[in-house]
Amino acid sequence: AYKFWATQPVQKFGEDENPDKPFEEGPIKIQTVDEIPKEPSPLIDGFEWATLDLTKDEELKEVYELLNGHYVEDDEAMFRFNYSPSILKWAMMPPGWKKEWHRGVRATQSRRLVAFIAAIPVELRVRDKVIHASEVNFLCIHKKLRAKRLAPVLIKEITRLCNLEGVFQAIYTGGIVLPRPVSTCRYYHRAINWPKLYDVGFSHLPKGSRPQHQIKKYATPESTKIKGLREMQKKDIPAVQKLLTRYLAKYQLAAEFDDHEVEHWLWHNSDDTPDRVVWTYVVEGPHKEITDFISFYCLESSVINHPIHNNVRAAYLFYYATEVGLKDEVDRAELKSRLNELVTDSLYYCKKYKFDVYNALSLMDNGLFLEEQKFGPGDGQLHYYLFNYKANPIAGGVDKRNRL
Ligand code: YNC
Ligand code: MG
């Protein structure tokens, strides 16, 4: 098993797995840019490499259509992620993005895009070390070309393209088990539009319950409660950046964001994007200081073969931070109550912007509010992987000992 992965610089199952014997963390294989081939490996006959220019609407649309028809589905093939063109730009064109890292495969005759993989730059902190890395995502192969060992070819190509830019480490996530997760999270879901989620088969009626009871259970607040809560504005970027950086410092695995990245990932510029991707709310204190913020982004899923509903509109809880979690002696009870207030208020906005469900992972401090906010565990797991970096395991967040 893992014929391809066994050849790659990743940690193997059964190696260095004694929790009582932590090891020194760092790169697995050391290389320099001049050892890296300047040309891609050849593809099988009839296919060729293509760099996709996502600043061109036609090429963005090609990626959108490939993913819309062939990207990640749930185990029962009821839902498939439907990343909108604006979300794809947001996800693949953050500060420092490179056109070369949007790599595709075309059928030579028809010119049709049949496979894709992407990377973005990320400064990744693993415990006390910061790695100049990439994040690999959107690996997708047309359904008719599956199980032909094309995925390893795409993965080796994106590795080559990262290496050529001096990047030798990467982070990636997936629902499947590969050698070897550095951390594993579970997905949690909080129903907002319960009748629709029930209709599409996402939510079930618990034994002995009635629809009316579920609808009541998942009612959302009539208004927000936190004093000083308002939408993030451009002027808030430096304050949000500082607060986020201080908050993320307590986790063992996190990205580092500068002001430009905070602007890109968290601030919604109402002047452009036709369909909105991200919502961020800050709390402004009496002296104009930003004491908290919370954010979520929109990612729809297509409902496969349903007579009435075509899509489910999901909000994904994104970053948050609060001064309450930053005192020298953090009072868990106080943090818990503040996070619950923030999430409750964000739920008000999820409802206002017509989301059907609010999704979150068992990471950061989410274990402090998931249950109270009526998030229930889903079937999906999300495994986190590091490429060419050896690290001791990092526990997910619902286990409170050791948080991601
Ligand atoms: C996967 N998701 O194990 P072995 S997540 C990594 N991530 O290799 P074939 C995967 N590897 O076991 P198919 C993988 N899925 O023999 C499969 N593999 O060692 C491995 N689905 O290749 C698998 N998107 O071409 C096996 O498989 C080998 O035709 C088999 O293609 C797979 O984006 C796939 O779920 C996933 O489009 C493309 O099923 C296809 O089945 C598909 O015969 C629907 O491949 C969409 C989907 C995956 C979403 C994602 C993260 C990708 C990370 C890739 C690894 C990056 C490493 C870092 C590189 C940069 C380094 C630097 C610097
Ligand atoms: Mg294949």
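In the predicted model, the shell around ligand 1 is made up, by class, of 24 nonpolar, six polar and four charged residues. Of the 34 residues around the ligand, those that come nearest are Trp5, Leu139, Ala147, Arg149 and Ala151. Three elements, β5 (129-141), α3 (150-164) and β6 (170-174), each supply at least two residues of this shell. The largest share, eight residues, comes from α3.

Oxygen atoms of ligand 1 also lie close to polar atoms of the protein, both in the backbone and in a side chain. A backbone N or O atom of Ile141 is 2.9 Å from an oxygen atom of the ligand. For Phe138, a polar backbone atom lies 3.2 Å from a ligand oxygen atom. In the case of Arg146, a polar side-chain atom is found 3.2 Å from an oxygen atom of ligand 1. On its own, ligand 1 has 1,200 Å² of accessible area, of which the protein covers 87%.

Elsewhere in the model, helix α1 (residues 57-70) meets helix α2 (residues 85-92), with axes that come within 10 Å and cross at roughly 105 degrees. Angles of 65 to 115 degrees count as roughly perpendicular, and α1 and α2 are therefore roughly perpendicular to each other. On the α1 side, the contact is made by Leu60, Val63, Tyr64 and Leu67, and on the α2 side by Pro85, Leu88, Lys89 and Met92. By class, this contact has seven nonpolar residues, one charged residue and no polar residues.

Key: Residues numbered from 1 in each chain as written. Chains lettered and ligands numbered in written order. Predicted model: local features only at pLDDT ≥ 70, side-chain atom pairs only at ≥ 80, totals over all residues. Heavy atoms only, no water. Axes fitted to C-alpha atoms, helices over the stretch in contact; angles between N-to-C directions. Helix = DSSP H or I, 4+ residues; strand = E, 2+ residues; numbered from the N terminus. Parallel < 35°, antiparallel > 145°, perpendicular 65-115°, else oblique. Contact = heavy atoms within 4.5 Å. Nonpolar A, V, L, I, M, F, W, Y, C, P; charged D, E, K, R; others polar. Near = heavy atom within 4 Å. Polar contact = N/O pair within 3.5 Å; in protein donor to acceptor, adjacent residues only side chain to side chain. Areas by Shrake-Rupley, 256 points an atom, 1.4 Å probe, with all protein chains shown as cover.
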